[in-house]
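Come along and keep the picture beside you as you read.

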Amino acid sequence: MVIRINGSAKKPPLSQSSQTLSASEFMELLYEIETLLGQDIHKSGESFYSSINTLKKGKYLIVGLNPGGDPKKILSSIKDSFQKIQNPEYNAYYENWLANGKKHRLQENLKTLFAYLEYPLRDVCATNIIYERTRRESDLTISKMEAYKQILSKTINLIEPEVIITFGRKPYNFLLELFPSYPHKTISIESGHSNWTIELTLFALPQQMKVIGLPHLSVYTLYNRPEKMQLLKDFCKPCT
């Protein structure tokens with residue numbers, strides 16, 4: 001798959017295969033991201049929520065907006081996060097995000113959803129559109145949006161996902177805007193919470209790709225809605 005942004009092809013410089021990135025390929029990816037982000041690479045943030053072992057061709061890709069938390073208190077930088085993901089056991093969704101053994105809704109939603117999809121969550125590449133950490137969405141300056149478009153394009157070309165799962169309206173809309181020239185069809189289904197909806201989009205790319213737009217999983221409870229997860233499972237099946 002070669003993703004086109006604004007009419008020009010963005011060819012992935014890294015090998016596309018089911019094999020994990022080599023050390024040299026990983027350093028190449030890191031160098032490209034550092035070049036695109038410049039000094040922003042030293043800001044508080046996270047790059048990927050899954051290990052280096054997921055940076056390969058896979059069925060699913062998880063995309064959020066940006067890391068939450070107070071950047072004045074959480075000092076680990078975007079660049080630091082690339083050290084973290086080199087641990088093959090790393091997966092942020094299995095870390096203790098809350099004190100006293102409390103369960104975080106986003107983590108529980110994703111664990112339950114992928115158990116329902118019968119696909120190991122630890123094998124799924126997970127990232128954000130923007131790596132910089134902010135306490136609130138409104139704090140985002142988005143000064144590097146063009147750079148982040150290129151980074152997400154590189155990620156998609158590397159993973160070649162059949163299904164991209166987003167949570168929050170902005171990541172979903174961002175994905176739609178990333179492929180303006182490709183025909184697509186969208187259906188909306190009720191989420192079961194207020195007037196929120198779940199968006200299911202099928203893109204007619206060179207290879208068909210599906211995008212699921214969920215409400216933000218930190219506030220929406222998916223794990224106790226098996227009927228919604230069944231709809232998602234049916235949508236994720238290969239088209240016939």
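These are my entries, in the order I looked things up.

**Entry 1: confidence.** I began by noting that this is a predicted model. The chain has a mean pLDDT of 90, and 92% of its residues reach 70 or more. I then marked residues 6–16, where the pLDDT is below 50. That stretch still has 25 contacts in the model beyond near neighbours in sequence.

**Entry 2: strand β8.** I asked myself how many residues of β8 are buried. I found that 6 of the 6 are, across residues 209–214, so the strand is largely enclosed by the rest of the structure. Next I checked which way the residues point. Met209, Val211 and Gly213 point one way from β8, while Lys210, Ile212 and Leu214 point the other way. I wrote down that all of them are buried, the lysine included.

**Entry 3: the partners of β8.** Which strands pair with β8, I wondered, and in which sense? Strand β5 (residues 163–167) runs parallel to β8, and 5 bridges join them. Strand β7 (residues 197–203) pairs with β8 in the antiparallel sense, over 5 bridges. Here I noted Phe203, whose bridge partner in β8 is Met209.

**Entry 4: on to β6.** From β7 I moved to β6, and found that the two pair in the antiparallel sense over 7 bridges. Lys185 stands opposite Leu202 in β7. The two strands form a hairpin, with 6 residues between them. In its turn I spotted Gly192, which has a positive phi of about 90°.

**Entry 5: helix α6.** I looked up the buried residues of α6 (residues 226–236) and listed Lys228, Met229, Leu232, Phe235 and Cys236. Seen down the axis of α6, these buried residues fall within an arc of 115°, so they line one face of the helix. What do they pack against? My list reads β3 (60–64), α3 (105–116), β5, β6 (184–190), β7 and β8.

**Entry 6: a loop residue.** I finished with Leu121, found in the loop between α3 and β4 (125–128). Is Leu121 buried or exposed? Its relative accessibility is 4%, so Leu121 counts as buried. Leaving aside neighbours within four places in sequence, I found Leu121 in contact with Ile62, Asn91, Tyr93, Tyr94, Leu110, Lys111 and Phe114. I also noted Tyr223, which is 102 residues from Leu121 in sequence and 14 Å away in space, C-alpha to C-alpha.

How values were computed: Residues are numbered from 1 along each chain as its sequence is written. This is a predicted model: local features need pLDDT of at least 70, side-chain atom pairs count only at pLDDT 80 or more; totals for chains, interfaces and linings use all residues. Side-chain values use heavy atoms; hydrogens and water are left out. pLDDT is the predictor's confidence in each residue, from 0 to 100. Contact means heavy atoms within 4.5 Å. Buried means under 20% relative accessible area, exposed over 50%, partly exposed in between (1.4 Å probe, protein chains only). Helices (H or I, at least four residues) and strands (E, at least two) are DSSP runs, numbered from the N terminus. Two strands pair if DSSP finds at least two bridges between them. The arc is that of the directions from the helix axis to the C-beta atoms.
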